[in-house]
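Hi there,

Here is the structure I promised to pass on to you. Have a look at it first, and then read my notes below.

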Amino acid sequence: MVSFLLGLCIFYADDIDSKSIKNILENADSFEFYSLEPLKKNEEGDKLHGWFVLGKVKIKCEEQKQIIESLYKSIADSNGVGARCFAPRHGIRAKKGEETVDLLVCFECYKVLIIKGDKRGQETLTASAQKVFDKILEKHNITLAKQPKK
């Protein structure tokens with residue numbers, strides 16, 4: 001279990017309690033990290049909220065901390081502007097007791113969708129965390145989705 005508090009991030013998710021989200025992420029009993037392929041949404045296979053899963057890995061203490069710190073910094077550094085698209089290539093599922101929070105992260109459009117039960121919220125972020133996210137997935141031999149052409 002990882003317990004830390006980074007004061008940079010406050011989730012402004014519409015109807016989700018940000019303290020609850022942070023508590024679950026930072027003190028999760030189980031923390032899964034996903035590589036998602038947005039272009040295969042209609043294919044059969046493992047999915048996270050409808051998005052095709054290329055691979056996933058259970059994350060432990062230090063890597064969990066790296067993921068969360070980089071996510072918080074990306075959110076804190078955002079200017080609040082995101083694109084209209086949503087093609088997440090990264091996902092997080094954190095569980096603490098009976099509570100679960102899922103995050104779908106799209107660095108292409110600078111948005112993260114936060115899902116807790118039947119409640120949803122959205123944040124904007126910068127792409128700064130993508131290098132950390134990709135490095136951890138690659139370390140665990142998880143395939144990454146192809147990046148969009150710029």
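The protein chain has three helices and seven strands. Starting at the N terminus, their order is α-β-β-β-α-β-β-β-β-α. Please keep in mind that this is a predicted model.

A few overall values come next. Of the 150 residues in the protein chain, 50% are buried. The chain has an accessible surface of about 8,100 Å², and carbon and sulfur atoms account for 48% of that. If you take the contacts between residues at least 6 apart in sequence, 63% of them join residues at least 24 apart.

Now to a pair of helices. Two packed helices are described by the angle between their axes and the distance between the axes. For helix α2 (residues 61-76) and α3, the angle is about 155 degrees and the axes lie 9 Å apart. The angle is over 145 degrees, so α2 is roughly antiparallel to α3. The crossing of α2 and α3 is left-handed.

Which residues meet there? From α2 come Glu-63, Gln-66, Ile-67, Ser-70 and Leu-71, and from α3 come Val-132, Phe-133, Ile-136 and Lys-139. Sorted by class, this contact of α2 with α3 holds five nonpolar, two polar and two charged residues.

Is Gln-130 buried or exposed? Its relative accessibility is 17%, so Gln-130 counts as buried, the cut-off being under 20%. Beyond its neighbours within four places in sequence, Gln-130 is in contact with His-90, Phe-107 and Gln-147.

Enjoy exploring!

Terms used:
Residues numbered from 1 in each chain as written. Predicted model: local features only at pLDDT ≥ 70, side-chain atom pairs only at ≥ 80, totals over all residues. Heavy atoms only, no water. Helix = DSSP H or I, 4+ residues; strand = E, 2+ residues; numbered from the N terminus. Buried < 20%, exposed > 50% of the residue type's maximum accessible area, 1.4 Å probe, protein only. Contact = heavy atoms within 4.5 Å. Areas by Shrake-Rupley, 256 points an atom, 1.4 Å probe, with all protein chains shown as cover. Axes fitted to C-alpha atoms, helices over the stretch in contact; angles between N-to-C directions. Parallel < 35°, antiparallel > 145°, perpendicular 65-115°, else oblique. Left-handed = near helix turned anticlockwise from the far one by under 90°. Nonpolar A, V, L, I, M, F, W, Y, C, P; charged D, E, K, R; others polar.
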